[in-house]
Amino acid sequence: MFDNLSDRLGNVFDRLRGRGALSETDVREAMREVRVALLEADVALPVARRFIDAVTEKAVGQDVLRSVTPGQQVVKIVHDELVEMLGGGEGAQAEDLNLAAKPPVVIMMVGLQGSGKTTTTAKLAKYIREKHGRKALMASLDVARPAAQEQLAVLGTQVDVATLPIVKGQQPVDIARRALESARLQAMDVLLLDTAGRLHVDQALMDEMKAVAGVSAPTEVLLVVDSLTGQDAVNVAQSFSGEVPLTGVVLTRMDGDARGGAALSMRHVTGKPIKFAGTGEKLDALEAFHPGRVADRILGMGDVVSLVEKAAASIKEEDAEALAKRMAKGQFDLNDLRMQLKQMQNMGGLGMLAGMMPGMKKAKAAMASSGMDDKLLVHMDAVISSMTPMERERPELMNAKRKKRVAAGAGVDVQDVNKLLKMHQEMARAMKQIRKMGGFKGLAAAFG
Ligand code: GDP
């Protein structure tokens with residue numbers, strides 16, 4: 001599962017990660033490849049399109065510096081967007097069953113024939129007993145497929161969960177009523193209803209689902225879909241979600257070599273979380289679906305993602321924002337420069353900086369032309385600290401005498417003080433230009 005998609009994305013990002021700076025063209029080029037990779041993985045077209053738009057917008061329109069290298073930043077953005085696409089909310093954790101209602105809590109299983117509905121019903125009953133310590137009753141409402149009810153009874157014995165006794169000839173809605181009554185009488189916590197499937201979605205099936213839901217008032221309506229069926233799974237999900245009030249999806253056969261498109265499209269198409277993944281024929285082969293973990297697996301770049309997270313955390317966001325605000329107003333004194341230098345050091349020096357933040361290309365050029373390098377950067381804080389507050393706010397006051405005093409105080413040459421002042425001048429000029437170009441947001445274009 002996801003192997004092909006993983007490889008394709010890996011290739012795209014390997015190329016991006018080697019670069020110091022990324023232009024908008026680089027990002028767009030990479031996104032074109034990502035789009036093809038998604039479509040080849042059977043991701044539904046509108047879902048792929050939305051994904052690419054979201055990533056491109058975030059990757060190109062970076063406001064304030066928050067990252068490591070642009071390529072790594074893009075990997076992180078794609079990762080977060082994958083989590084989002086897979087349904088990640090808070091912490092990208094799996095969404096469990098909602099068992100809080102008054103017992104018996106009814107869980108209705110719906111889906112096409114052969115999707116793995118009956119197997120999943122038994123897997124869930126076992127899960128509910130083992131993970132939640134609740135007692136469940138299972139009932140098969142499938143009167144269309146011969147031996148469907150017997151199949152559930154056999155599975156029930158295997159997982160040691162009670163099944164509703166079979167009454168030949170009884171119709172689905174009546175079986176649902178009887179199951180509910182029986183669950184109440186036996187003080188069951190949960191009632192699992194395994195509804196009938198069909199080979200294709202049809203209106204009779206939908207009507208039956210609605211009628212069953214009408215008499216059983218389910219807390220959960222879980223759609224079971226076979227991930228191997230790719231685009232078809234997406235179409236099935238679309239049909240069901242228009243007719244019955246789904247609360248979640250279970251994707252079966254995730255152990256197979258599906259291309260992953262169903263998993264990636266499901267959330268968008270149904271608007272409901274994927275709650276579980278079936279990962280085999282055995283009755284314990286059921287896993288909670290963690291969007292975060294699945295995204296990690298698809299991207300296989302957990303190292304980069306955590307690196308970027310760490311770097312982002314190392315920057316004091318308020319500082320960065322305050323600085324950006326002052327710059328946007330055209331204010332940029334030596335205090336601002338000092339704050340920026342500190343951030344650069346946090347990020348690992350000049351080399352890491354290129355292209356990360358709008359205008360940084362200009363800043364880097366200013367540093368190069370003023371003779372600044374990583375070694376000198378370390379001393380600049382000392383130089384600025386040796387200045388009086390007034391000198392920091394008005395660097396034009398720095399005459400020969402003041403420079404000599406400051407150099408002595410910081411333990412550097414007067415030449416180094418000059419380099420700092422020159423760098424400040426050039427950066428202040430760059431900031432003014434940026435402002436003329438319409439502020440930091442409008443600068444996305446300059447970020448190459
Ligand atoms: P139903 O018609 O939807 O009730 O489908 P069944 O539950 O009868 O499942 C059909 C077949 O798929 C059975 O042979 C199951 O063992 C198999 N199956 C169900 N879920 C999975 C899964 O997650 N992985 C694999 N490999 N097989 C599964």
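Predicted model: local features only at pLDDT ≥ 70, side-chain atom pairs only at ≥ 80, totals over all residues.
In which sense, left-handed or right-handed, does helix 3 pass helix 4?

1. Helix 3 against helix 4. The crossing of these two helices is right-handed. The axes of helix 3 and helix 4, the latter formed by residues 70-85, approach to within 10 Å and cross at roughly 145 degrees. On the helix 3 side, the contact involves Val-47, Phe-51, Ala-54, Val-55, Lys-58 and Ala-59. Helix 4 contributes Val-74, Ile-77, Val-78, Glu-81 and Met-85. By class, nine residues of this contact are nonpolar, two are charged and none is polar.

2. Is Phe-51 buried or exposed? Phe-51 counts as buried because 22 other C-beta atoms lie within 10 Å, where the cut-off for a buried residue is 20 or more.

3. Partners of Phe-51. When neighbours within four places in sequence are left aside, Phe-51 is in contact with Leu-38, Glu-81 and Met-85. Of these, Glu-81 and Met-85 are on the helix 4 side of the contact between helix 3 and helix 4. A further distance concerns Arg-35, which stands 16 residues from Phe-51 along the chain; the C-alpha atoms of Phe-51 and Arg-35 are 8.4 Å apart.

4. Helix 9 against helix 10. A second pair consists of helix 9, residues 231-243, and helix 10, residues 261-270. Their axes come within 9 Å and cross at roughly 20 degrees. Helix 9 is therefore roughly parallel to helix 10, as angles under 35 degrees are counted in that way. The crossing of helix 9 and helix 10 is right-handed.

5. Residues between helix 9 and helix 10. From helix 9, the residues that meet helix 10 are Gln-231, Ala-233, Val-234, Ala-237, Gln-238 and Ser-241. Their counterparts in helix 10 are Gly-261, Ala-262, Ser-265, Met-266, Val-269 and Thr-270. This contact of helix 9 with helix 10 has six nonpolar and six polar residues, with no charged ones.

6. Which residues come nearest to the ligand? Among the 18 residues around the ligand, these are Gly-116, Lys-117, Thr-118, Thr-119 and Gly-278. Helix 5, residues 117-132, supplies the largest share of the shell, with three residues. By class, the shell around the ligand holds 13 polar, four charged and one nonpolar.

Terms used:
Residues numbered from 1 in each chain as written. Axes fitted to C-alpha atoms, helices over the stretch in contact; angles between N-to-C directions. Helix = DSSP H or I, 4+ residues; strand = E, 2+ residues; numbered from the N terminus. Parallel < 35°, antiparallel > 145°, perpendicular 65-115°, else oblique. Left-handed = near helix turned anticlockwise from the far one by under 90°. Contact = placed C-beta atoms within 7 Å. Nonpolar A, V, L, I, M, F, W, Y, C, P; charged D, E, K, R; others polar. Near = placed C-beta within 6 Å. Buried ≥ 20, exposed ≤ 12 C-beta atoms within 10 Å, placed from the backbone.
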